[in-house]
Amino acid sequence: MRIRVIKSARRDLDAIYDYWANRAGPDIAQSLIYSITDMFPLIAEFPQIGRSCDEISPGFRVFPAGKHLIYYRKERSVIKIHHILHGARDQARAFKNN
């Protein structure tokens with residue numbers, strides 16, 4: 001199955017990179033981004049791997065990538081990555097505000 005990272009998830013990845021690049025440097029930030037995006041092929045191969053999170057938004061699933069959570073939805077023959085949020089955040093609020 002194909003993966004499509006939509007604009008909101010790209011913004012999330014950019015924000016994660018910027019935050020860590022300023023705190024720990026660009027190499028650490030890039031390593032963190034890779035650790036998150038390395039999960040995308042696994043999600044593409046096994047779309048049901050994430051747990052259902054209908055309480056956040058109907059039809060969505062969530063899969064952990066370290067301290068971050070990848071929110072996605074299967075739509076026909078594509079998996080759309082919608083958000084990548086830090087696990088310590090209020091997930092329902094962060095999901096709606098992004």
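**Close-up views of a predicted model**

**View 1. M39 sits in the loop between helix 2 (26-37) and helix 3.** Helices (H or I, at least four residues) and strands (E, at least two) are DSSP runs, numbered from the N terminus. This is a predicted model: local features need pLDDT of at least 70, side-chain atom pairs count only at pLDDT 80 or more, and totals for chains, interfaces and linings use all residues. Residues are numbered from 1 along each chain as its sequence is written, and side-chain values use heavy atoms, with hydrogens and water left out. M39 touches F63, P64, A65 and I70, not counting residues up to four places away in sequence. Contact here means heavy atoms within 4.5 Å. With a relative accessible area of 24%, M39 is partly exposed. The classes are buried (under 20% relative accessible area), exposed (over 50%) and partly exposed (in between), with a 1.4 Å probe and protein chains only. Accessible areas come from the Shrake-Rupley method with a 1.4 Å probe; for residues, only the protein chains shown count as cover. From M39 to D18 the C-alpha distance is 20 Å, for a sequence separation of 21 residues.

**View 2. A patch of positive charge gathers R2, R4, K7, R10 and R11 on the surface.** Patch members have over 30% relative accessible area and no salt bridge; like charges are joined within 9 Å, nonpolar side chains (Val, Leu, Ile, Met, Phe, Trp, Tyr) within 5 Å. Lys and Arg count as positive, Asp and Glu as negative; His and the chain ends are not counted. Each charge is placed at NZ of Lys, CZ of Arg, CG of Asp or CD of Glu. Strand 1 (2-5) and helix 1 (7-24) each supply at least two residues of the positive patch. Helix 1 gives the most, with three residues. R10 belongs to helix 1. R10 counts as partly exposed because its relative accessible area is 43%.

**View 3. L42, F46 and I49 make a nonpolar surface patch of about 230 Å².** I49 lies in the loop between helix 3 (40-45) and strand 2 (51-52). Its relative accessibility is 34%, so I49 counts as partly exposed.

**View 4. A salt bridge links the side chains of R51 and E55.** The N to O distance is 3.3 Å. A salt bridge is a side-chain nitrogen of Lys or Arg within 4 Å of a carboxyl oxygen of Asp or Glu. By this rule the count comes to three salt bridges. R51 is partly exposed at 49% relative accessibility. E55 is exposed at 53%.

**View 5. E75 pairs with K80 in a salt bridge, and R73 pairs with E75 in another.** The E75 and K80 side chains meet at 3.0 Å, N to O. For R73 and E75, the closest N and O atoms are 3.3 Å apart. R73 is partly exposed at 25% relative accessibility. E75 is also partly exposed, at 25%. K80, with a relative accessible area of 18%, is buried. Salt bridges that share partners join R73, E75 and K80 into one network.

**View 6. R76 occupies the loop between strand 4 (68-75) and strand 5 (78-86).** R76 is exposed, with a relative accessible area of 79%. R76 and M1 are 75 residues apart in sequence. In space, their C-alpha atoms are 9.4 Å apart.
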